[in-house]
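Here is a short tour of one protein. Look over the sequence and the structure first, then read on.

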Amino acid sequence: MNEKIFKALNEQIKHEFYSSYLYLSISSYFENIPLEGFSKWFRKQANEEHEHAMKLYQYILDRNLHVNLQAIDAPQVKFKSPEEAFKLALEHEKKVTHWIHQIYELALKEKDHATAVFLQWFITEQVEEEKNATDNYDQIKFVGDDRAALYVLDQELGKKA
Ligand SMILES: [Fe+2]
Ligand SMILES: [Fe+2]
């Protein structure tokens, strides 16, 4: 595997673990409010991000390379409102999509077909991730200061988690 692609994949492992950290942090915020459906949703997202990191980890091993795990930044721990937390999640997913696309373009440029095919799963996954994050953020904005509606939304998202 080309050195640039190897570096980018290791970097993406870090990003996926960071996503897991961020969503755990948001989950903990919601647990404390308490909005337990949202908390459950973000805990599930955190587990999924861990799985994404492990998919990349396994791919590097499958290519007979050693994984270079990197330091993970601390996520934001305080949130002013549910809206801020959902907005942050959406912005983060957009960044992840951008990073995945960058690695994919690099794989095409370097003619690493195996990596390009491997990354297609992540490209499809990001469509789903951005859709969910956008829907959640739109709904939270729609609910506004209506506490009864917020409670219903919390219950509904909890059922999906
Ligand atoms: Fe992810
Ligand atoms: Fe994600």
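## Ground rules

This is a predicted model: local features need pLDDT of at least 70, side-chain atom pairs count only at pLDDT 80 or more, and totals for chains, interfaces and linings use all residues. Residues are numbered from 1 along each chain as its sequence is written, while chains are lettered from A and ligands numbered from 1 in the order in which they are written.

## The whole protein

The protein has five helices and zero strands. Both are DSSP runs, numbered from the N terminus: helices are H or I with at least four residues, strands are E with at least two. From the N terminus on, the order is α-α-α-α-α. Along the principal axes, the C-alpha atoms fill a box of roughly 55 × 25 × 25 Å.

Of the 161 residues, 29% are buried. Buried means that 20 or more other C-beta atoms lie within 10 Å of the residue's own; exposed means 12 or fewer, and partly exposed is in between, with C-beta atoms placed from the backbone. Now take the contacts with a separation of 6 or more: residues 24 or more positions apart account for 75% of them. A contact needs two C-beta atoms, placed from the backbone, within 7 Å.

## Helix α4

Helix α4 covers residues 113-143. Its 31 residues should span 45 Å at 1.5 Å a residue, and the end C-alpha atoms are 46 Å apart, which agrees. The expected span is 1.5 Å times one less than the number of residues. A kink of about 25° is centred on L119. That bend is the angle between axes fitted to the seven residues ending there and the seven starting there.

Which residues of α4 are buried? They are T115, L119, F122, E129, A133, N136 and I140. They pack against α1, α3 (82-109) and α5 (147-160).

## α4 meets α5

After α4 comes G144, with a positive phi near 55°. N136, Q139 and V143 in α4 meet A149, L150, L153 and L157 in α5. The two helices, α4 and α5, pack at about 160°, with axes 9 Å apart. So α4 is roughly antiparallel to α5 (angles over 145 degrees count as such). Axes are lines fitted to C-alpha atoms, for helices over the stretch in contact, and angles run from 0 to 180 degrees between N-to-C directions.

## Residue K14

K14 lies in helix α1 (residues 3-32). K14 is partly exposed, because 17 other C-beta atoms lie within 10 Å. Leaving aside neighbours within four places in sequence, K14 is in contact with Q70 and I72.

Note on methods: Angles under 35 degrees count as roughly parallel, over 145 as roughly antiparallel, 65 to 115 as roughly perpendicular and the rest as oblique.
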